Amino acid sequence: MNKILLIIQREYLTRVKKKSFLILTFLTPLLFAAMMILPAWLAVHNAESNENILVIDRSGLFAGKLNDSDKLHFSVRDISLDKAKENFYKSDYTGILYIPHAPEKENPVLYFKKQPSVVTVQKLETRLENVLREQKLRKALGVSQQQIEQVKADIHIRTVKRDETGGEEAKHNQISMALGMFLSMAVYFFIFMYGVQVMRGVIEEKTNRIVEIIVSSVKPFQLMLGKIIGIALVGLTQLTLWVVLTMIFAGIGQSFLTSRLPQGPDARQLMTQMMQQKVPDSSAVAALAANNAKVGQALEIIGSVLSLPWAKILFGFIFFFLFGYLLYAALFAAIGSAVDTQEDTQQFIFPVTLPLILSIVMMQFFIMNPDSQLAVWMSIFPLTSPIVMMLRIPFGVPWWQIILAAVLLVATFLFMTWLAGKIYRTGILMYGKKASYKELWKWLRY
Amino acid sequence: MRSTPILRAVDVSKSFEHHRALDRISLEIPRQSIFGLLGPNGAGKTTFIRIINQILAPDQGRIEIDGEPLREEHIYRIGYLPEERGLYKKMKVGEQAVYLARLKGLSHQEAVKRLRQWFERFDIMPWWDKKVEELSKGMAQKVQFITTVLHEPDLLILDEPFSGFDPINTELIKAEILKLRDRGATVIFSTHNMESVEEICDRIALINHGRKILEGPVDQIKKQYADRTYILELAGKHFDPADVPEPPFQVLKSTRDKDTDIVRIKITGDAGINDLVGALLPHYTLKGLREDIPRMRDIFIRTVNAQTPVQS
């Protein structure tokens with residue numbers, strides 16, 4: 001037992017002390033944080049620029065129709081385009097919007113000093129389109145302004161799950177989908193990244209010819225297990241550091257961003273309010289939604305995030321993450337023991353990891369049909385369950401399926417580790433022998 | 001006489017698929033001796049050594065250490081230097097040596113303390129913080145030797161310990177091995193290098209095709225293989241084979257060095273060394289006479305060839 005601890009310690013420390021580990025551990029959260037902060041940063045800095053626009057309207061359709069908004073100021077002037085252009089840089093205008101006689105046949109032109117944001121241009125287009133549409137409705141069909149106002153509609157669909165007991169809750173499928181995909185991808189990458197590290201470690205010991213020295217002090221099985229557990233701890237360390245550092249970096253980035261916003265944005269207040277509300281009951285949300293569509297929508301999203309089966313997700317993630325890795329790590333160790341060089345591993349890696357790859361390939365389908373028969377069976381089958389079950393859990397999976405999958409996974413893990421141990425025991429002391437499947441079968445029976 | 005042997009193998013057999021690696025090997029290794037385990041490649045030496053180290057389990061038979069059947073704790077009393085050996089390339093020398101010592105049951109402090117002594121004795125202290133990949137092969141071999149003996153094992157198993165060493169370091173290691181024996185350790189020494197066998201081994205066992213074909217003290221075996229061939233140094237006149245009639249004498253070889261002839265003569269039949277000297281004395285001045293004791297190398301080749309069935 002003491003020796004396994006020594007092995008775990010060595011495997012852990014040599015990896016954690018590597019430069020590549022430190023670099024990866026600190027750079028990845030920076031990347032994650034940037035991915036979280038960047039959209040917000042772009043939204044703040046690039047959303048709408050303040051524009052003061054001189055409108056030259058040759059069509060005569062827009063007189064009195066272009067109202068100022070908080071970022072867009074329009075001045076409609078009846079001057080020639082050439083003159084306006086000539087005086088452009090003497091004036092305060094940031095742009096000249098030239099609308100020809102028939103703006104639908106001949107495109108309007110926006111002259112500018114500084115590139116306006118995409119959002120600004122889109123808004124201008126929408127404004128012009130709306131004005132034109134209303135004009136047409138009025139002139140061609142004789143619809144009154146009042147009627148036009150009445151026809152305007154803003155629809156947002158609330159999705160509500162009604163369960164067997166009659167309870168209702170708002171569901172945002174996108175959240176479950178995103179979470180499911182994220183979790184299963186995380187499990188997939190973890191198994192692959194660290195499984196391959198186990199394999200490399202075994203090959204390293206073999207090619208360095210140290211393995212026989214070690215197995216004269218410890219049992220090969222102890223060496224294998226120590227390596228697998230040590231590397232698992234490296235992975236968990238990395239994961240924890242990633243989560244913590246991402247949060248820290250994102251926090252720093254966020255406070256930096258908000259400090260640079262002059263007028264305190266409502267969104268921030270809104271968020272604090274929403275967080276304090278905790279789980280909003282759906283009737284309150286519905287009432288709120290009636291008053292303020294945007295706030296209601298945001299509250300509903302938060303509500304459905306909070307109503308996700310977090311206990312199952314947390315248990316499932318830790319469990320399937322760990323045992324999925326342990327199961328495959330044992331197989332990777334067996335592969336490493338059977339070959340002499342990294343190049344020879346391909347023929348074994350592919351069949352071993354086929355269930356994993358298949359699960360990822362099927363992800364698109366499963367995410368759309370998380371309760372389809374195939375998805376259910378693959379989430380119970382131990383070679384695919386770590387990935388497929390994590391994909392399904394955010395959508396809601398009954399406990400019996402999770403428990404069944406967990407029991408099968410542990411049983412398979414024990415069996416595979418025993419099997420891998422037998423191959424490993426023989427493989428690590430075989431040099432220069434090209435291992436075939438037939439050969440491996442023999443090793444099992446030594 | 002002596003106490004129970006430190007190691008006793010009784011009828012040890014081990015088979016791999018269609019291949020009998022060890023066939024009922026029985027032998028005893030007396031305490032505080034250097035025991036040569038000899039045999040051609042693939043004879044089963046490494047399998048036998050691995051069974052002693054509990055890396056493999058025998059199919060049949062048993063191994064006893066100090067009269068007790070092999071147990072897990074015995075590995076602390078064994079130091080093993082395998083033929084296929086190496087170190088973690090990326091690890092520092094000192095750190096790695098401490099790790100290996102701790103796997104053999106030493107505490108961290110004890111391992112560091114003993115390692116310092118050895119490193120100072122071998123004058124390799126500056127290597128402590130170097131990575132193994134920075135060492136030459138011979139340097140790494142020295143470190144490996146130290147890690148093998150650091151926990152002061154009663155039984156040392158050295159498989160080709162001199163490969164990779166230059167002659168100076170070979171002598172250094174040889175001296176260390178003899179010193180360890182004199183302090184009470186028993187050494188199992190597996191090699192193809194027959195000169196070193198002759199120099200340091202007390203007893204040997206020769207294994208071929210998984211079977212033990214020869215065992216005993218080195219000097220006895222040599223005597224056993226001596227076939228009454230003598231080397232004589234003669235002066236006076238040029239050597240003439242006609243002076244030693246064919247039966248019972250057989251001249252194998254004669255060479256002339258300045259005014260001395262060196263002649264190898266085998267005696268057959270009932271004749272003795274006196275008869276040979278008697279036949280020569282009237283003609284020559286006898287300057288030297290010694291028995292031509294076969295070298296281990298010749299015994300090895302002769303025995304293995306005799307045992308190997310001639311194929312096609």
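Helices (DSSP runs of H or I, at least four residues) and strands (runs of E, at least two) are numbered here from the N terminus. The structure is a predicted model, in which local features need pLDDT of at least 70 and side-chain atom pairs count only at pLDDT 80 or more, while totals for chains, interfaces and linings use all residues. Residues are numbered from 1 along each chain as its sequence is written, and chains are lettered from A and ligands numbered from 1 in the order in which they are written.

Just after α2(B) comes Gly105(B), with a positive phi of about 100 degrees.

The contact between the chains involves 17 residues from chain A and 20 residues from chain B, where two residues are in contact if their C-beta atoms, placed from the backbone, lie within 7 Å. On the side of chain A that touches chain B, α1 and α7 are the elements that give two or more residues. That side of chain A comprises eight nonpolar, four polar and five charged residues; Ala, Val, Leu, Ile, Met, Phe, Trp, Tyr, Cys and Pro count as nonpolar, Asp, Glu, Lys and Arg as charged, and the others, Gly among them, as polar.

Turning to the interior, a nonpolar core is a set of buried Ala, Val, Leu, Ile, Met, Phe, Trp, Tyr and Cys residues joined through C-beta atoms within 7 Å. The largest has 128 residues, and Ile228(A), Ala329(A), Ala333(A) and Ile157(B) touch the most other members. Helix α12 of chain A (residues 310-338) gives the most to this core, with 14 residues. Leaving aside residues up to four places away in sequence, Ala329(A) touches Tyr194(A), Gly195(A), Val198(A) and Ile228(A). Another core, of twelve residues, lies apart and includes Leu54(A), Leu66(A), Tyr93(A) and Ile96(A).

Chain A also holds an open, mixed sheet of four strands in the order β2-β1-β3-β4, with strands taken as paired if DSSP finds at least two bridges between them. Because β2 (72-76) and β4 (109-112) of chain A stand at the edges with a single partner strand each, one side of each is left without a neighbour in the sheet. Strand β3(A) (residues 95-99) runs antiparallel to β4(A) and is joined to it by four bridges; Gly95(A) has Phe112(A) as its bridge partner in β4(A).

How values were computed
Buried ≥ 20, exposed ≤ 12 C-beta atoms within 10 Å, placed from the backbone.
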